[in-house]
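Subject: Structure for you, with notes on the interface

Hello,

Here is the structure I said I would pass on. My notes on how the two chains meet follow below it.

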Amino acid sequence: MRSSGKMAESISRSLRDGALEGELAPILTIKDSLASPFASHVFSHILLQLSSNVMAQKSQSRGIVIVALSRSPSSYAALLKMKGVDAASSNKLFHILDCYTDPLGWKDKIGKSGNVMDHSRQISLATSAYKTVKDMDKLFLAITELGRGLVGENKARFCVAIDSLSELLRHTSLQSVASLLSNLRSHDQISSIFGLLHSDLHEERAAAVLEYMSTMVASVDPFHHSADGQRGYFENSLSEQNFTKGKFNVRFKRRNGRVRLTCEEFKIEHEGISFASVSSVDGTAIAGLLPKVQFNLQLSEKEQIERAKVVLPFEHQGNGRPIQIYDGRRSLEENNSEASPIPSGKTEKSAMGEIIYFRDSDDEMPDSDEDPDDDLDI
Amino acid sequence: MEQKDLNLLDAVLGFQSYGNKANPWPLCGRFVLVEDCVDTSAAFVLHHILKRCFSSHSSSAVLFLAFSHPFSHYDRILRKLGCNLAAQRDNGRFYFLDMLMFQCPDEGKPNHDGLASVFEKIEKVVKALRQDKKFFSIMIDDISFLEVAANGSSNDVLDLLHYCHMLTSEYGCAFIVLGHKDIYLNGERPALILEMEYLADILVKAEPLATGLAKDVHGQLMVLDKDMQREQGISAIKIHNFHFKIKENGVECFYPGTKV
């Protein structure tokens, strides 16, 4: 079954809880890049989580308006059906604003007369066509109108899911997309908003603008960064390979300005996407942070166990023995039981003779590698 | 169905068991983007898929939008591959739209509507085709010439691609496009090719051999299959890498180092 990690859960929770009194509706931006193009899986996951919350009436919103730009309405119908959401209840919970089938009104222009065939495929979800995707003001009106149709005129709220912010950015300017989002999040009947962005299609500032407006940014990244930072899967030369995993980084902005960053792993499975926290014990989290170097910085399990066994000099404190802290001036003669090679040398030392070293002064560092003849003038 | 001369490319594209009831046409509802570069042309992938289209079901058809070569060129090549395009055209299984001289009206003009007129042509054929042909494919032989015809507006090209993508989900047809990767590399943001890579369900990428020129290997192919949530559920991205050699009457595909 789908087990979700903590972060994915807390995203769903905060979308579920929606807007607080006197605050803007929270926005979640899910972003990915070609090196790990799995954001649509995350989008579906969040949509399903939210819809099960809405269905159980646990959430602030009473319905979801899906703005479909990059996926067909029928694919949403199939997705919900596959997850066992029955048609009767889904009709009350969802309304799809179909910007996919005819975003620019081309079909309308062509087939004014006989467009009978187009709706031959019955979709179980309520769908409204939208044909002027370049007009953001109209889009805002269309979304809010559909939402009101779902939840009624009263104080009930609804949620807005936009399946491609990238597509919107392609059709219009960054300003108009930003103003659409800003209008949506200040609308008093909207409880939360989430959208998908392909970050490498746009200038960096576009992603930054959208991230400023988002309460949460979930970014889907490849597991291993290649040298030039992109093209994760293009560079391998294995003859066959499957890609199912990646990193799920979430940035959570609190109202007081605190920002929390977390990292999880995700895996695409047949039933959906699953999240798991990166266990820091096995070192993969650290491995992700370290730059790629040629030598091995990680310890194997055996090495780690052995390392844990080594007793450090200050660790003798408190087990009945006199406290001894090695300060570099005298050797610890009593300390002969634990560490192996040095003490064994020490037992023979008396027979072999010894080196006695007196330090000149206390200023000198214990292991200074200064050249002692540095000031010699020949 | 003829199964004898199936190669690695067929296997990867899912042609190994097609033609029967369960799997009439493996590219149904999918967008295949074929990418090549100056050093290695991937036109042979188009020819190959074209040939497979006609050697499969009798109720399959192809709509071909030619921006870079005339009909006679394709007829000659496909004849070598054992497929008579002229006959298929007369049978109503091959629709060839000659777009070589096509040019969009300029932006200032009153009837400027991007590539809507091209889509109109496509949809007209598609509507006629779907009466008796169940499985059909739309092919565009060169996206960069389409871009030229659209006065260099990659946004118009993407609009048209979106509409064709919509046709794949609406009618379950296949959509196969050839584009050149390297002409977009110098731009500050190679948006068109990246957008297409996001749209594509299957990406076939032809490159020169990474280890240098060779007599027996003409290049390497990478096939990336994003089997996104079509009805059967979600699965992962699959990648296949192999080498190819183009011959007069077909293409030979093999894993590196396995050629005898």
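Asn242(A) sits opposite Lys238(B), a residue of strand E8 of chain B. These two belong to a strand pairing that crosses between the chains: strand E8 of chain A (residues 240-243) and E8(B) run antiparallel and are joined by 4 bridges. Please keep in mind that this is a predicted model.

As for the extent of the interface, 56 residues of chain A and 45 residues of chain B are in contact. The two chains bury about 4,400 Å² between them, and carbon and sulfur atoms account for 55% of that area.

Which elements of chain B supply at least two residues each of the side that touches chain A? They are helices H5 (116-129), H7 (154-171) and H8 (191-199), together with strands E6 (202-207), E7 (219-226) and E8 (237-247). H7(B) gives the largest share of that side, with 11 residues. Sorted by class, the side of chain B that touches chain A is made up of 20 nonpolar, 15 charged and 10 polar residues.

Regards

Definitions and conventions: Residues are numbered from 1 along each chain as its sequence is written. Chains are lettered from A and ligands numbered from 1 in the order in which they are written. This is a predicted model: local features need pLDDT of at least 70, side-chain atom pairs count only at pLDDT 80 or more; totals for chains, interfaces and linings use all residues. Side-chain values use heavy atoms; hydrogens and water are left out. Contact means heavy atoms within 4.5 Å. Buried area is the accessible area (1.4 Å probe) that two parts lose on being put together, summed over both. Ala, Val, Leu, Ile, Met, Phe, Trp, Tyr, Cys and Pro count as nonpolar, Asp, Glu, Lys and Arg as charged, and the others, Gly among them, as polar. Two strands pair if DSSP finds at least two bridges between them.
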